[in-house]
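I set out to record, entry by entry, what I looked up in one protein structure.

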Amino acid sequence: MEETEAPRRPYVSIMPDENRRYDFRSKIESAEVMSMKKSKKKIRSVKEINEKIKRGDVVVLTAEEMIKLAESSGIEVAAKEVDVVTTGTFGAMCSSGVFLNFGHSDPPIKMTKCWLNDVPVYKGLAAVDGYLGATALSETRGFEYGGGHVIEDLVSGKEIELRAESYGTDCYPRRYIETVVTIDDLNQAILVNPRNCSQRYDAATNSTDRVLYTYMGTLLPNYGNVTFCGAGQLNPLCKDPNYETIGIGTRIFLGGGMGYIIGEGTQHDPKSGYGTLMVRGDLKKMNSRYLRGASIYRYGVTLYVGIGIPIPIINEEVASTAALRDDQIYVNIHDYGFPYRPDLRPVVKRVSYAELRSGRVTIGDKEVPSSPLSSYKMAREIAEVLKEWILEGRFYLTEPVEPLPKEEEFKPMPMRRRELKVRDVMRREVITANPSDGVKEVARKLIAKGIDHLPVIDRKGRLIGIVTSWDLAKAIANDKRILSEIMTRNVITAREDESIHVAAQRMAQHNISGLPVVDDEKKIRGIITTDDISRNLVGRRLMP
């Protein structure tokens, strides 16, 4: 499926030529081993770096500055001269949220349901503890406002409407409460983000003839655009892809304050080069400039999080990866036109961040505009701020108490029961029409067959349009004569191997009640309607 296999590490190792004689190859391999040992030789420790911070003579560069120094003077010189390289990223991090403690009211309440500005708070915890997820949606404003916005409002010092319900107990007699709180009223507000700071995030495009609304933004039809995330050469995990300095206990810049890495993030997949981080920090000490609620059009809400991680240059290998450029960091462009599991979506192209950030990506013979969903400008600012903190002696480095896992493999959800596909539900005997057929003749056909949807095909049997009973009623009223005058030409379709969940969602999204089922040549294989789905699911679950 993939065009090329992505490298496990985003840098090129010198590999021996398999056609060379064995003795010569052995010498090359020995040289590589010696070089590896040399590059791994410790230059300085975190303790020594902290002493230099304390004395005020630490040398700190941002990742961009490190790239320039390495290009002008070489890795060996850069490794000797630089103590710390600062990184930064600022993007949508949906797997984020905050633990809150509201304190007790009088009389007290054991909250079983809770809302902040009409956004639900998870309440499977103690009486007045809760977890507000960044992607939780407002029950009154939908996609316009959600958990990420509440978090931003809290950090901004705004008043938040709190509402809670309970069933009442002897020790917690109150059953309902409404009040207003600010972040200063809360005992704790601890940002704990299960998955942030992805090492790589694949780009997205759309090969279909319809607009797609995704977590990668709006994807235009027929490869109309490419969207991507991540800061590339500023991205923390791209600067230490082997996790030599980044681990559990690493102190970081988080949301404008200081935080810590508390473990690998969910979906951590180091074998494939897709590492993630779990982080925490005190929300009360953060800045709303680096925590922004956001709405993704027709998808949902999220929280933009700013993260910066210092990379101590402990050896030449770390210096080498810290100097990686955008043109050395690659991701895949996936086709979101296929409603598959993310790792199963077809790979259109493997591309560098340099090409993505240029604003144009070549797909086949087409120049496609590319645009970021994250902010490189803010990532650069975060790296600069972190550099200032270290130089001013306000931020000391910490050594990891435990390394991040390097052998974990991300597993998909097991599907142990057969899921209904379109082919299981669709009707295979499909009545069709030609564009030159008369409106009244087709209307009689629909009545005789008791159907509401009639695909229109060309002489080669390919789908070119569709008419419904409603279309025909309007046509007769307006004295239209043939189908080509009234048929819908941009037909929304389904494929046999698609899940009925996907087909149902597509009909709901486009406010239609039927989908012709077509093959790769646009020839009719069947038709599926909302009635077909309902009829097959009465008394059973979607997953039989």
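The entries below go from the whole protein to single strands and side-chain pairs.

**Basis of the entries.** I worked from a predicted model, in which local features need pLDDT of at least 70 and side-chain atom pairs count only at pLDDT 80 or more, while totals for chains, interfaces and linings use all residues. Residues are numbered from 1 along each chain as its sequence is written, and side-chain values use heavy atoms, with hydrogens and water left out.

**Entry 1: the whole protein.** I looked up the extent of the C-alpha trace, which spans about 90 × 85 × 40 Å along its principal axes. The secondary structure comes to 14 helices and 32 strands; these are DSSP runs numbered from the N terminus, helices being H or I of at least four residues and strands E of at least two. I noted that 49% of the 544 residues count as buried. Buried means under 20% relative accessible area, exposed over 50%, and partly exposed in between, with a 1.4 Å probe and protein chains only. The accessible surface comes to about 27,000 Å², and 49% of it belongs to carbon and sulfur atoms; such areas come from the Shrake-Rupley method with a 1.4 Å probe, and for residues only the protein chains shown count as cover. For contacts (heavy atoms within 4.5 Å) with a separation of 6 or more, I found that 68% are between residues 24 or more positions apart.

**Entry 2: a four-stranded sheet.** In what order do the strands of the open sheet of four lie? I read the order as β6-β5-β10-β11, with antiparallel pairing; two strands pair if DSSP finds at least two bridges between them. The edge strands, each pairing on one side only, are β6 (119-121) and β11 (176-181). From one strand to the next the twist averages 25°. I then followed β5 (residues 113-116), which is joined to β6 by three bridges in the antiparallel sense. L116 has V119 of β6 as its bridge partner. Across β5, β6 and β10 (160-165) lies helix α5 (residues 147-155), which runs at about 125° to β10. Here axes are lines fitted to C-alpha atoms, for helices over the stretch in contact, and angles run from 0 to 180 degrees between N-to-C directions.

**Entry 3: strand β20 and its partners.** I looked up β20 (residues 277-282) and found a covered face of L277, V279 and G281, and an uncovered face of M278, R280 and D282. In a regular strand the side chains alternate between the two faces of the sheet. Strand β12 (residues 188-196) runs antiparallel to β20, joined by five bridges, and V192 has R280 as its bridge partner. Strand β19 (residues 257-264) also pairs with β20 in the antiparallel sense, over five bridges; there I261 is partnered with V279.

Entry 4: Four bridges pair β26 with β27 (residues 366-372) in the antiparallel sense, and I363 stands opposite K366. The hairpin has two residues between the strands, and G364 takes a positive phi near 65°.

**Entry 5: salt bridges.** How many salt bridges does a search of the whole structure find? I recorded 27, each a side-chain nitrogen of Lys or Arg within 4 Å of a carboxyl oxygen of Asp or Glu. E76 forms one with K80, the closest N and O atoms being 3.6 Å apart. Both residues lie in helix α4 (residues 75-81), four residues apart, about one turn of the helix. E76 is partly exposed at 38% relative accessibility, and K80 is exposed at 56%.

K158 and D153 meet in another salt bridge, at 3.5 Å from N to O. K158 is partly exposed, with a relative accessible area of 46%, while D153 is buried at 13%.

The side chains of E496 and R428 also meet at 3.5 Å, N to O. E496 lies in the loop between α12 (469-477) and α13 (500-510) and R428 in the loop between α10 (422-425) and α11 (439-449), so this pair ties together parts that are 68 residues apart in sequence. I also noted a network of salt bridges linking K40, E244 and E317.
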